[in-house]
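Colleague: I am new to this structure, and I would like to understand the words you use for it. Could you show it to me and take my questions one at a time?

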Amino acid sequence: RVNLDTVVTESQHAWNQAPAKSGLAVGEQVSLKDALYIMLVKSANDMAVAIAETLSGDNTEKTFVGQMNLMAQQMGMSATH
């Protein structure tokens, strides 16, 4: 569904996350590759949400969480959510 060149956009919802921030403005875009670097190096919560929104298919963090919980269930993981 995505590759490292997929565009990730900093949404208002992502920007509102606290405390660690990427420094991007609402509406600013980076590649998924750069978004992953930002998330990992800066522990940027806003970038984690922006990536989740991008991967969800409908730009919502809630959908991504559901997809990850379903995948965990399919993998037999019963003590994680």
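Modeller: Here are your questions in turn, with the definitions beside the values.

Modeller: Please keep in mind that this is a predicted model, where local features need pLDDT of at least 70, side-chain atom pairs count only at pLDDT 80 or more, and totals for chains, interfaces and linings use all residues. Residues are numbered from 1 along each chain as its sequence is written, and side-chain values use heavy atoms, with hydrogens and water left out.

Colleague: What makes up the chain, in helices and strands?

Modeller: The chain has 4 helices and 2 strands, in the order β-α-β-α-α-α from the N terminus. Helices (H or I, at least four residues) and strands (E, at least two) are DSSP runs, numbered from the N terminus.

Colleague: Why is Thr-54 called buried?

Modeller: Buried means under 20% relative accessible area, exposed means over 50%, and partly exposed is in between (1.4 Å probe, protein chains only). Thr-54 has 18% relative accessibility, so Thr-54 counts as buried. Thr-54 sits in helix H3. Leaving out residues up to four places away in sequence, Thr-54 touches Thr-6, Val-7, Val-8, Thr-9 and Asn-59; contact means heavy atoms within 4.5 Å.

Colleague: And Thr-9, is that residue buried, exposed or partly exposed?

Modeller: Thr-9, in strand S1 (residues 7-9), has a relative accessible area of 32%, so Thr-9 is partly exposed. Beyond four places in sequence, the contacts of Thr-9 include Gly-27, Ala-50 and Thr-54.

Colleague: What makes Asp-46 a buried residue without a salt bridge?

Modeller: A salt bridge is a side-chain nitrogen of Lys or Arg within 4 Å of a carboxyl oxygen of Asp or Glu. For Asp-46, the nearest side chain of opposite charge is Lys-21, at 5.6 Å; Lys and Arg count as positive and Asp and Glu as negative, while His and the chain ends are not counted. Asp-46 belongs to helix H3 (residues 45-56). Its contacts, leaving aside neighbours within four places in sequence, include Glu-10, Trp-15 and Lys-21.

Colleague: Which residues does the cis peptide bond join?

Modeller: The cis bond joins Ala-18 and Pro-19, with omega about -5 degrees. Pro-19 is in the loop between helix H1 (12-15) and strand S2 (29-31).

Colleague: Which residues make the nonpolar surface patch?

Modeller: Met-68, Met-71, Met-75 and Met-77 make a patch of about 410 Å². Patch residues have over 30% relative accessible area and no salt bridge; like charges are joined within 9 Å, and nonpolar side chains (Val, Leu, Ile, Met, Phe, Trp, Tyr) within 5 Å. Areas come from the Shrake-Rupley method with a 1.4 Å probe, and for residues only the protein chains shown count as cover. Met-71, in helix H4 (residues 61-74), has 42% relative accessibility and so counts as partly exposed.
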